[in-house]
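This report describes one protein model for a reader who is new to structural description. Please keep the sequence and the structure in view while reading.

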Amino acid sequence: MLPLDPQADIGRRAWIACPSCDDARGCAPCEERRTCSAHWRYLLSNTGSLLHLQCPGCTHVWVHESGFGATRSLWSRVTSGLQRR
Ligand SMILES: [Zn+2]
Ligand SMILES: [Zn+2]
């Protein structure tokens, strides 16, 4: 397992299925594409529409093409994790 990236910050989260552990399978909020309290990923950084993500469960790191502009609902879901209380 990789260590958590130093950029991993619980204040920046994204709700995107992990391609490695698929831990959200069968989870009702995830299948409805809502912001699940159990299944989320660290949003390490983003470059344009590319999101650099890390799964807190299996520590898998990957890049996700968010298609910014084409899928606004996804983007707004992703960036909702940016707002700090
Ligand atoms: Zn994972
Ligand atoms: Zn879930």
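In which loop is Thr59 found? Thr59 lies in the loop between E3 and E4.

## Basis of the report

This is a predicted model, in which local features need pLDDT of at least 70, side-chain atom pairs count only at pLDDT 80 or more, and totals for chains, interfaces and linings use all residues. Residues are numbered from 1 along each chain as its sequence is written, while chains are lettered from A and ligands numbered from 1 in the order in which they are written.

## Overall architecture

The protein has two helices and four strands. Here, helices (H or I, at least four residues) and strands (E, at least two) are DSSP runs, numbered from the N terminus. Read from the N terminus on, the elements follow the pattern β-α-β-β-β-α.

Of the 85 residues, 19% count as buried. A residue is termed buried if 20 or more other C-beta atoms lie within 10 Å of its own, exposed if 12 or fewer, and partly exposed in between, with C-beta atoms placed from the backbone. Among contacts in the protein with a separation of 6 or more, 55% come from residues 24 or more positions apart. Two residues are in contact if their C-beta atoms, placed from the backbone, lie within 7 Å.

## The sheet

Strands of a sheet pair through backbone hydrogen bonds, either parallel or antiparallel. In this model, four strands form an open sheet in the order E1-E2-E3-E4, with antiparallel pairing. Strand E1 (13-14) and strand E4 (61-65) stand at the edges with a single partner strand each, so one side of each is left without a neighbour in the sheet. Two strands are said to pair if DSSP finds at least two bridges between them.

E1 and E2 pair in the antiparallel sense over two bridges. Arg13 stands opposite Tyr42 in E2, and Ala14 stands opposite Arg41 in E2. The antiparallel pairing of E2 and E3 has five bridges. Here Ser45 faces His52 in E3, and Tyr42 faces Gln54 in E3. E3 and E4 also run antiparallel and are joined by five bridges. In E4, Val63 is the bridge partner of His52, and His64 is the bridge partner of Leu51.

## Hairpins and positive phi angles

E2 and E3 form a hairpin with two residues between them, and Gly48 in its turn has a positive phi of about 60°. E3 and E4 form a hairpin with six residues between them, and the turn contains Thr59. Most residues other than glycine have a negative phi, and most peptide bonds are trans. Thr59 is not a glycine, yet its phi is positive, at about 60°. Why does Thr59 count as partly exposed? Thr59 is partly exposed because 17 other C-beta atoms lie within 10 Å.

Asp22 likewise is not a glycine but has a positive phi, of about 50°. Asp22 is placed in the loop between E1 and helix H1 (28-31). With 13 other C-beta atoms within 10 Å, Asp22 is partly exposed.

Which residues make up the largest nonpolar core? This core has eight residues in all: Ala14, Trp15, Ile16, Trp40, Tyr42, Leu43, Leu51 and Leu53. Strand E2 (41-47) and strand E3 (50-54) are the elements that give two or more residues to this core. A nonpolar core is a set of buried Ala, Val, Leu, Ile, Met, Phe, Trp, Tyr and Cys residues joined through C-beta atoms within 7 Å.

Trp62 is found in strand E4. Trp62 counts as partly exposed because it has 14 C-beta neighbours inside 10 Å. Leaving aside neighbours within four places in sequence, Trp62 is in contact with Pro19 and Leu53. The C-alpha atoms of Trp62 and Leu51 are separated by 8.3 Å, and these two residues are 11 residues apart along the chain.
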